[in-house]
Amino acid sequence: MFRWFLPRSLAARTSLLLIVGLGIIEAIGLGVHALDRIDFDRRMIQQESQNHVGMIYRSIVETQPENRAAELAALHPPATFHITLTPGPDPAMVDQTADDPMAHMHMGRPPFGHLPFEQPPFSRGAQGLPPLPAHMRPRQILFGTLPHGARGRAVSFLLPDETRWLTIRYTLPSPNPFRSPTFPTAFALMTVAGSVLIVWGVRRLVAPVGTLAAAAEALGRDVNAPPMSEDGPLEIARAAQAFNTMASRIRRFLTDRTLMLTAIGHDLRTPITRLKLRAEFVEDDELRNKFLADLDELEAMVSATLAFGRDTSRREPMGRLDLTALLQTILDEAAETHPDHAEAIGFAEPPPAVTIAARPVALKRALNNLVQNAILYGGGAQVTLAPPQPGKEGERLVTVLIEDDGPGLPPEDLNRMFEPFVRAETSRNRETGGTGLGLAIARNIIWGLGGDIRLGNRTPHGLRATVTLVC
């Protein structure tokens with residue numbers, strides 16, 4: 001199921017993998033930074049709160065007892081602080097001290113309860129609170145937590161010169177590791193810059209793979225295509241060298257095969273000609289005609305074989321041609337050649353105007369072979385030219401259908417018919433004069449143009465040749 005969400009290209013998949021890996025690494029680094037920043041902020045918040053508590057206590061204790069209520073009202077503590085002057089300590093704090101002797105650990109303070117005047121907590125500025133002279137030190141301190149949350153704190157001081165208690169309740173704000181506006185900005189910039197570098201680097205590294213694919217496609221269309229450049233990283237250079245070596249061997253093999261066929265055809269023509277001359281001296285007319293028919297068939301087979309061999313080495317240049325006009329010419333010539341089937345030869349529907357890049361003579365030969373086969377074995381040829389449609393990698397493809405009303409072919413023979421010298425036993429027989437090379441030649445030509453050809457049976461009967469060409 002996940003394959004549907006994966007990009008199709010190697011560069012996109014590699015970039016996605018590296019970007020996801022970068023995101024995971026940055027998320028882990030962000031988590032470590034956040035944990036460290038949270039611990040640091042927690043300590044800073046506690047220290048700041050303790051400093052506020054110390055400053056509030058000092059402001060109150062330095063004021064005359066009769067003016068302390070007014071001083072308390074004049075203070076402007078942080079919004080999370082609540083300060084009161086009461087005749088006695090908060091009962092909840094007393095009960096908490098009695099029930100929870102370790103409650104002092106909430107703020108890292110000495111144990112709750114009465115602290116001897118000789119050892120006051122502020123005498124040495126402990127816990128970040130300011131040092132106080134002896135006459136300003138509280139006689140007793142109670143610590144506690146607020147009931148509404150784990151971050152709530154409370155501390156009560158018994159004032160040194162009266163019986164009232166100064167109670168300060170406050171809430172520690174939650175630490176925020178992202179309070180700095182530069183941090184998310186820097187994080188976003190690093191992510192974008194890293195992603196851009198990853199995409200650029202991957203495209204640079206994967207580009208030779210696309211070059212190799214383009215070279216392979218060019219070799220399929222033209223065996224004499226120029227070799228690949230052998231520059232670049234070691235692996236890419238070795239792949240290019242191997243590809244060039246393979247292409248050279250293919251060219252050498254095709255050249256050797258063409259030379260062999262040419263030599264065989266040249267050597268066979270002479271004895272065939274001698275046999276024809278000698279057959280003329282046979283007195284039995286019936287036997288002489290049989291000899292000449294066999295020799296004509298043999299000569300036709302040799303000529304077709306030579307044409308098939310030469311087709312792979314043709315160097316006809318590519319050019320723009322009007323496919324509609326080419327098909328019309330082929331159909332007109334076929335109708336003139338087979339006047340008995342002229343009414344069954346033509347376009348099935350008005351064709352659109354289509355221009356493609358191809359080798360005109362070779363393409364005409366391939367399409368003419370298909371039309372002639374349809375006429376000879378199906379009694380007619382109906383051609384359909386479809387408008388160009390978008391194909392892969394930005395190409396535009398045009399489809400040509402060549403249909404007949406003959407008996408068709410067995411399904412197992414549809415692909416086998418493209419092999420050289422292969423003919424079906426029923427619908428394609430030797431009496432028609434075929435050599436079994438027409439479809440093989442047509443496929444070689446169309447493949448050399450970057451297209452494709454397929455055979456299929458029609459319903460209820462007949463054969464359809466589907467030709468796909470690149471515009």
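Me: How many salt bridges does the structure hold?
Reply: There are 15 salt bridges in this predicted model.

Me: Why would side chains pair up like that at all?
Reply: Side chains of opposite charge can pair when their charged atoms come close.

Me: Start with Arg43. Which side chain does it meet in a salt bridge?
Reply: Arg43 meets the side chain of Asp39, at 3.3 Å from N to O.

Me: And where do Arg43 and Asp39 lie?
Reply: Both are in helix 1, which covers residues 10–61. They are four residues apart, about one turn of the helix.

Me: Is Arg43 buried or exposed?
Reply: Arg43 is exposed, because its relative accessible area is 55% and the cut-off for exposed is over 50%. Asp39 counts as partly exposed, at 33%.

Me: OK, helix 6 now. What about Arg288 and Asp285?
Reply: Their side chains form a salt bridge of 2.5 Å, N to O. Both residues belong to helix 6 (residues 285–311), three residues apart, which is about one turn of the helix.

Me: Is Arg288 buried or exposed?
Reply: Arg288 is buried, since its relative accessible area is 17% and buried means under 20%.

Me: Which residue does Lys364 pair with?
Reply: Lys364 forms a salt bridge with Glu333, again between side chains, at 3.3 Å from N to O. This pair links distant parts of the chain: Lys364 is in helix 8 (residues 360–378) and Glu333 is in helix 7 (residues 323–337), 31 residues apart.

Me: How accessible are Lys364 and Glu333?
Reply: Lys364 is partly exposed, at 28% relative accessibility. Glu333 is partly exposed too, with a relative accessible area of 33%.

Me: Which residues are linked in a network of salt bridges?
Reply: Arg68, Asp161, Glu162 and Arg164 are linked in such a network.

Me: Change of topic. Where is Gln372?
Reply: Gln372 is in helix 8. Gln372 counts as buried because its relative accessibility is 17%, and the limit is under 20%.

Me: What does the side chain of Gln372 make a polar contact with?
Reply: The side chain of His338, at 2.9 Å.

Me: And leaving aside neighbours within four places in sequence, which residues is Gln372 in contact with?
Reply: Ala334 and His338. So His338 turns up in both answers, because its side chain makes the polar contact with Gln372 and His338 is also listed among the contacts.

Note on methods:
Residues are numbered from 1 along each chain as its sequence is written. This is a predicted model: local features need pLDDT of at least 70, side-chain atom pairs count only at pLDDT 80 or more; totals for chains, interfaces and linings use all residues. Side-chain values use heavy atoms; hydrogens and water are left out. A salt bridge is a side-chain nitrogen of Lys or Arg within 4 Å of a carboxyl oxygen of Asp or Glu. Helices (H or I, at least four residues) and strands (E, at least two) are DSSP runs, numbered from the N terminus. Buried means under 20% relative accessible area, exposed over 50%, partly exposed in between (1.4 Å probe, protein chains only). A polar contact is a pair of N or O atoms within 3.5 Å; within protein, one must be able to donate a hydrogen and the other to accept it, and residues adjacent in sequence count only if both atoms are side-chain atoms. Contact means heavy atoms within 4.5 Å.
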